[in-house]
Amino acid sequence: MKRVHNFCAGPAALPTEVLKQASAEMLDWHGEGLSIMEMSHRSKTIVDVFNEAEQDLRELMNISDDYAVLFLQGGASTQFSAIPLNLMGDKGKADYLNTGQWSKKAIKEAKKFVDVNVAASSEDTNFTTIPPVESWNLQSDAAYLHYTPNETIGGVEFFDVPKVDVPVVADMSSTILSRPININDFDVIYAGAQKNIGPAGLTLVIVKKSLLGNADPKTPTMLDWGVAAENDSMYNTPPTYSVYLAGLVFKWLKAQGGLSAMAEINARKAKKLYDYIDQSGFYANPVEVQSRSLMNVPFTLKNAELDKVFLEKADAAGLLNLKGHRSVGGMRASIYNAVPEQAVDDLIAFMKDFANAYA
């Protein structure tokens, strides 16, 4: 069976090798006579799977023992509430950078718990830029600074980590594992799994251990990172199968050469696509060049009335999920780790043929 190319922003493509292994192990995991998704989360098998996944992730991202790695549920959106509840302490205020739809949602949710200072915003450019650092209005006594390194919807990416004297919190849902980072630049990293980690249902939180145990007394137990850490992410039944699949993805990444190798591949994929868009005269990308995402590439057609035709023909060609987010419109190609370079090549070839036919 020939697999199609999946450009979905999430749930996104998974490595074919991982899916094949999961398929082979579906009914009988390592001779135990049952599927791994049927096993107790208290069993040695599942505990070992969690530990191995955590260790592989620590190796990939060079995460020291100063950080706890948590496998949680509820999606990154649940962390919008967990962050202020775990970090606000007696300060009661926090700085947020507003660079897109996910930043806006994080801000809206945080306002329920903490006094939010929007230190900078690019809403006036329709979220096509990163606000220059010199324009940021930061508070020296904020509990933390929150930002979204990569805006999945708008296709805007930070390539520099904010340098501030308060804890830095980053929603890395759509950029994590795409390239190396210095973990020590961050105090909290969180990410929904369904883009570069694994299937939907799992949320990853990497948090400095020194920040644990200070949650607001009213924090629900399931949102308290300290409780999660004390219970090895197993206070209740965790998303065991999602962690198992994430563990396979981590091993696949290591086999590809790690994050440095993925960074080279991802940069090459993005450059090909942006270069074609820029020179085509038929397609356009609205984001300032220096802030263009390597993971999510939005683009518009010269004539928006052709959008429906483009999507229909793309689907027929096996190029799926290219419709832009409803808040932005146009098209969007999400080219995460598991999207092969051939998929980008095939997309560009299709775009050229379409432009020639409808110019």
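Predicted model: local features only at pLDDT ≥ 70, side-chain atom pairs only at ≥ 80, totals over all residues.
Residues are numbered from 1 along each chain as its sequence is written, and side-chain values use heavy atoms, leaving out hydrogens and water.

**First stop: the helix pair.** Select 307-316 for α8 and 341-358 for α9; they pack at about 135°, with axes 11 Å apart. Helices here are DSSP runs of H or I with at least four residues, and strands are E runs of at least two. Axes are fitted to C-alpha atoms over the stretch in contact, and angles run from 0 to 180 degrees between N-to-C directions. Now show side chains: Val309, Phe310, Lys313 and Ala314 of α8 meet Phe350, Met351, Phe354 and Tyr358 of α9 (contact means heavy atoms within 4.5 Å).

**Next: Val161.** Look in the loop between β7 (156-157) and β8 (168-171). Leaving aside residues up to four places away in sequence, Val161 touches Tyr147, Asp185 and Phe186. Its C-alpha atom is 9.3 Å from that of Asn182, 21 residues apart along the chain.

**Last stop: the largest pocket.** Select Ala9, Gly10, Trp102, Gln194 and Lys195, which lie nearest the centre among its 27 lining residues. A pocket is an open set of points on a 1 Å grid over the protein atoms alone where a 1.4 Å probe fits, with protein on both sides within 12 Å along at least five of seven lines; lining residues have an atom within 4 Å of a point.
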